[in-house]
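I opened this notebook to record what I looked up, one topic at a time.

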Amino acid sequence: MLRRNANLLGAIAFWGTTTLTMTTTLAQEVVVAPILNRADGSPVEVAADKPMIRIAAVPQEKNDPFKPAPPAEEPKEEAVPAVEQEEKSGETAEGAAPAEDAPAEKSEQEGQSAEPKSDASKTMDIPADSLDPETKEEEPNKPAEPAKPAESVEAETKQPAPLMQDKDAKPIKEGDADAEKKPADSEKSVTEEEPKVEKPLPPEVRALKPRIARVLNYYYKAQPSDATKDDVWETMHGFLPWGVDAQIRTSQFRQPVNTIGWICWNKPCRGHSLFEVKNGKLEAKQGPRVQGHHGQFLAMLAQSFVPPSYEIQVDGQSFTVADLIEFEKETCKPKSELTFKLISLSYYLPADATWTSRDGQEWSLERLLKEEITQKVVGAACGGTHRLTGIAFAVASRKKAGLPMDGAWAKAEEYLNAYHQHSFQIQNRDGSFSTNWFEGRGMDRDIDRRLQTSGHILEFLIYSLPEEELTSPEIVRAVNYITTILEQNSKRDWSIGPKGHALHALVLYDQLVFGTKPGSRTEEILQTSHD
């Protein structure tokens with residue numbers, strides 16, 4: 001009897017121990033595994049003494065495969081989110097081979113793939129201190145550093161001023177000429193004028209509006225640049241489509257800040273800053289990792305409608321965009337690439353402005369135009385599309401001011417019309433433009449090349465064509481093509497230059513045809529998210 005009772009008690013003890021062990025194992029699978037692994041199963045190193053905070057994974061909606069979604073993020077030291085690194089397009093400095101025809105320079109992060117989307121059914125535990133600004137542990141026996149002056153602390157944490165484009169911001173077009181010609185004291189009141197009857201848009205154009213909005217909203221959500229990965233050239237092309245709405249991630253602030261403000265405050269982009277001060281004057285650098293062409297950054301500010309009064313800070317000194325305009329005026333040189341100076345100065349200066357360069361020569365927009373017309377288009381930066389855009393800006397500025405279109409101006413207008421016809425003559429049936437730029441017909445199978453050439457040429461055409469021709473079948477097919485390949489390849493790692501100009505072409509079309517106000521992308525995204 002005693003032996004039987006002993007066996008029974010032993011069995012009970014064995015069963016109890018086994019059950020307790022299994023329960024502990026199951027509990028470890030439920031509690032420990034989420035701490036040691038991300039929601040997608042990838043390992044996370046966690047110190048045992050750090051408090052934990054649980055974050056629910058955000059489910060991905062699957063109703064619309066192209067519905068705007070957050071950009072895929074890659075793991076980064078101390079769990080700070082980072083955007084995917086994009087390749088640099090390959091625009092080169094003046095005097096180099098054709099800019100985007102050269103092989104794209106590879107980034108240091110090339111080959112890294114984006115982190116898979118989180119599983120909606122899982123949660124993720126991460127160290128609570130990873131959500132706060134990084135702090136360095138003090139070394140033992142190390143003397144404490146003296147406290148920084150309040151002014152120094154404020155300078156390090158202060159963000160660039162809020163950026164707003166000009167209140168009357170609108171892409172420069174010759175269609176505004178009539179308004180400029182009318183005197184302010186016109187005898188007829190506004191109420192006496194005949195109302196302008198707008199022609200309804202064709203169905204195929206109206207059908208583009210929601211698709212363009214969806215594409216732009218999607219890419220805008222994925223747009224923040226990364227100041228630790230993208231140099232100035234890449235960051236410039238990243239903000240080109242979005243202008244004053246563009247944002248950039250930095251190591252200094254937890255939240256993204258305004259991209260144009262970051263560059264204008266001479267903050268580093270991949271260790272490079274754009275501005276310097278010489279002899280008390282503001283100057284913009286030109287070369288690798290900064291701007292590829294003289295006047296390129298100012299041209300992008302002009303296309304973003306940034307006012308001349310916006311602040312630029314360099315080495316503790318305060319300047320404005322107006323000082324950058326003066327620098328570009330003073331550094332004009334004959335027989336050099338003046339493409340981007342022509343774009344920016346046509347926007348910022350009166351159409352009949354004159355000035356003296358540092359070498360004592362007299363300049364005007366007309367002289368800039370003559371210099372550009374005498375230089376070749378084929379073989380210029382990005383197939384010559386930027387040179388043609390500069391000529392288009394100058395012509396539009398002249399017409400808007402109501403000045404005579406004679407001499408070099410008449411020749412420039414004929415020049416643009418010839419390239420309009422040529423572009424459509426070599427346009428492909430699918431709506432794309434020639435992958436050989438303006439040299440002749442071309443339909444390369446490489447989709448990156450197609451986006452590069454079609455995006456640049458469409459951007460030039462939208463800038464230079466009369467607004468009533470933006471709904472022509474040729475332009476509609478081109479817009480549809482760009483929209484489609486960006487829509488169907490939304491996860492593709494596009495090169496930053498071609499993607500920036502293609503998206504910018506769609507933004508311009510959205511503004512000029514559908515009336516979307518420049519600088520309203522953030523507001524539109526917020527409105528869409530609440531609908």
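Where is the place of Trp437? I found Trp437 in the loop between α13 (408-425) and α14 (447-464), where helices (H or I, at least four residues) and strands (E, at least two) are DSSP runs numbered from the N terminus.

Before going on I noted that this is a predicted model, in which local features need pLDDT of at least 70 and side-chain atom pairs count only at pLDDT 80 or more, while totals for chains, interfaces and linings use all residues. Residues are numbered from 1 along each chain as its sequence is written, and side-chain values use heavy atoms, with hydrogens and water left out.

**Entry on backbone angles.** I looked up phi for Trp437 and read a positive value of about 55°, although Trp437 is not a glycine. Most residues other than glycine have a negative phi. Asn279 also has a positive phi, near 55°, and I placed Asn279 in the loop between β8 (275-278) and β9 (281-284).

Are Trp437 and Asn279 buried or exposed? Trp437 counts as buried because its relative accessible area is 3%, whereas Asn279 counts as exposed because its relative accessible area is 83%; buried means under 20%, exposed over 50% and partly exposed in between, with a 1.4 Å probe and protein chains only.

**Entry on Asn258.** I found Asn258 in strand β7 (residues 257-258), and with a relative accessible area of 19% Asn258 is buried. The side chain of Asn258 reaches the backbone oxygen of Val244 at 2.9 Å.

**Entry on cavities.** How many cavities of 30 Å³ or more does the structure hold? I noted three, a cavity being a set of points on a 1 Å grid over the protein atoms alone where a 1.4 Å probe fits but cannot get out, and its lining residues having an atom within 4 Å of a point. Grid points are joined across faces, edges and corners, and a volume is the space filled by probe spheres set on the points.

The largest cavity holds about 200 Å³ of space. Its lining has 21 residues, and Pro241, Trp242, Val507, Gln511 and Gly519 lie nearest the centre. Helix α16 (residues 496-514) gives the most to this lining, with five residues.

For the second largest cavity I wrote down about 70 Å³ of space. The residues that line the second largest cavity include Leu240, Phe340, His386 and Glu459, and α8 gives the most to that lining, with three residues.

How values were computed. On a 1 Å grid over the protein atoms alone, a cavity is a set of points where a 1.4 Å probe fits but cannot get out, and a pocket is an open set with protein on both sides within 12 Å along at least five of seven lines; lining residues have an atom within 4 Å of a point. A polar contact is a pair of N or O atoms within 3.5 Å; within protein, one must be able to donate a hydrogen and the other to accept it, and residues adjacent in sequence count only if both atoms are side-chain atoms.
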